[in-house]
Amino acid sequence: MGVIEVEGLRKEYRRLRGGRTVAVAGLDLEVPEGGVFGFLGPNGAGKTTTIRCLVGLVRPDAGTVRLLGTDVSHGLAKVIGKVGSIVEQPALFPRFSGRRNLQILGRIDGRDGREIDAALERVGLMERAKDAVRTYSLGMKQRLGIAAALLKDPSVLILDEPANGLDPAGIVEVRELIRALGAEGRTVFVSSHILSEVQQTADRVAILARGRLVKAGPVHEVLAAGRARGMLVRVADPEAGRRALESARLSSTVDGPLLRVDVRPDQGEQVTRALVAADLYPSELRPDEVDLETVFLELTKDEGLGP
Amino acid sequence: MIDLFRSELLRARSRRLVPMMLVGGVLLIVVALVIAGANSHKPTPEQIAAAQANSQRLFAQCMNGKFLAPGEPVPGGFTSLEDFCRQATTSTPDTGVRLGDAPDIIEHTSTFTVLLAVVLGASLGGADWTTGSMATLLTWEPRRIRVLLVRALVVALVIVAATFFLQTVLLAGFRLTVALRGTSAGAPSSWLGDAFQAILRVSVVASGIGLIAFAVAMVGRSTVAAVGALFGYLILFEGVIAGFRPSIQDRLVVRAAGVIVGQQPIYDQNAFAPGQSLPVLLGLTEATVVLIVYVVVLLLVALFVFRARDVN
């Protein structure tokens, strides 16, 4: 059983001028317990709407959503204490201090000052805790939102674009925090369009396009699905290299200063032998790996940017 | 539920609007009392004696039936002709502030008190929508009925406390002004009790109308929209309707509030018949029911809308 289970989730929004926009179109998703789960999709793919359905802010038109085994439409209150979340920007009172914002939320769940301090400490906001939130940078607001989510000591964290608007240092901080939270055994569900971030933090991913799931699974499996077979070789004369490989019955194409060889990554020795036989010594030989971004674009290219 | 109540109370207390309104209200009271004091002076013994003589003369005329039309019964609210005459002919030296006016001053400033309640109610209902923090709150307490009801309770309590405080400051300031520059001659011994009863009535009415503002803000998801809509309705719509259709005054919230605060029913002027007292168009009980119906219906609408609509 997954910590988050979504079956046939559908949500449409009415347009002001008539008609409907399909935000989520029959999404099925299962997030296992523990670790970091990346929820990817282009803008308008339905990520935030899905998250809003998960935390009960939006009612689905069809389908079921279960959090920690409980149907959100009926029993969310039973499990909400174990679920910390940020939906889009952390929305807090700008004129209140960071600590006061956390106190107001924490009181709902009976959290005391010590727990508030611990949450502020964890996100590095202790020194600015007494300052009004409106004086915080975007990154600090994000961190305060994460502190609010952590205040519940949740077993599930749902973070919607937590690195949005952060500077590189802030992104690294949030990345490390997410990794640490995942390593503690919590389930961290992170939506993002910054794919390199997700690739570095997530154990599993799901890719969403036009409100539908396109691909889901462990990161290495998803990467493998889109991986171009072959190896990349750098030699002084790529064209001569291509001919040498051809004579060794290895198919290749010249790609700028590189040769793209159609072999499995474990056939590197064969490639080296063929090139050395022609007096060509490779200065670089590596598998033709793709990153998550390439896979993502490949998987979503036919789906458009959104519904 | 208690934790949510404590959280909502802390949130309301933390709003800058609340202390700003209290400080602003106290400053306005001080300014008003300084002006009143500057235009007042203590009456001389001769002025007091003249006022007492005038009072006795008027009382005698009243007891001889000069204050009522022939055959007209004693107006409602008075136990006897003597009771009516004693209250109708009280004469104190007109030299400025008079202690006996304290309950009237509380009643006459109730419009400002109610306006303050409208702004407070609308703000406490609308601010979360403006900042977007309603979504954050609901990720901590998703039971929306509970959220709305607890918040309505807090709104009512905050308004009662704030308006009670300001009116008590007004009363204390007024008493000080009377001591320094006015007179307590002719004031009934029950003036303090009467004044506090008026304060309580105004606070309760302000709380009811503040809850209406809160409900409208929850439906419209905006403080400004709620204040605008409510002022538009109460001042323009009810004012215009009451002007053109006096017979439906018994269903209007402003009229009901006025009856509760002033403890004076509205009489049906169209049903005047010589020798008969005017029938009551809106009595105290009916006015209370009208105000309660407005509050309850609008809170139910707010509850339904809040429960049904998505929070984006």
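1. In this predicted model, 22 residues of chain B are in contact with 26 residues of chain A, where contact asks that two C-beta atoms, placed from the backbone, lie within 7 Å. On the side of chain B that touches chain A, α1 (2-14) and α7 (133-138) of chain B each supply at least two residues, and the largest share, 7 residues, comes from α1(B). Helices here are DSSP runs of H or I with at least four residues, and strands are runs of E with at least two, numbered from the N terminus.

2. By class, that side of chain B has 7 nonpolar, 8 polar and 7 charged residues; Ala, Val, Leu, Ile, Met, Phe, Trp, Tyr, Cys and Pro count as nonpolar, Asp, Glu, Lys and Arg as charged, and the others, Gly among them, as polar.

3. Local features need pLDDT of at least 70 and side-chain atom pairs count only at pLDDT 80 or more, whereas totals for chains, interfaces and linings use all residues. Residues are numbered from 1 along each chain as its sequence is written, and chains are lettered from A in the order in which they are written.

4. The largest nonpolar core has 151 residues, and among those with the most contacts inside it are Ala147(A), Phe189(A), Ala213(B) and Leu291(B). Such a core is a set of buried Ala, Val, Leu, Ile, Met, Phe, Trp, Tyr and Cys residues joined through C-beta atoms within 7 Å, and helix α9 (residues 191-220) of chain B gives the most to this one, with 16 residues.

5. Ala217(B) has its place in helix α9 of chain B and counts as buried because it has 30 C-beta neighbours inside 10 Å; the label buried needs 20 or more other C-beta atoms within 10 Å, exposed 12 or fewer, and partly exposed lies in between. Although Ala217(B) and Ser123(B) are 94 residues apart in sequence, their C-alpha atoms are 7.6 Å apart in space.

6. Chain A has an open sheet of 4 strands in the order β2-β1-β4-β5, with antiparallel pairing, where two strands pair if DSSP finds at least two bridges between them. The edge strands are β2 (20-31) and β5 (70-71) of chain A, and β4 (residues 62-67) of chain A pairs with β5(A) over 2 bridges, with Arg66(A) standing opposite Asp71(A).

7. The domain assignment of chain A, automatic or from a database, gives domain 1 (4-225) and domain 2 (228-289), whose C-alpha centres lie 45 Å apart.
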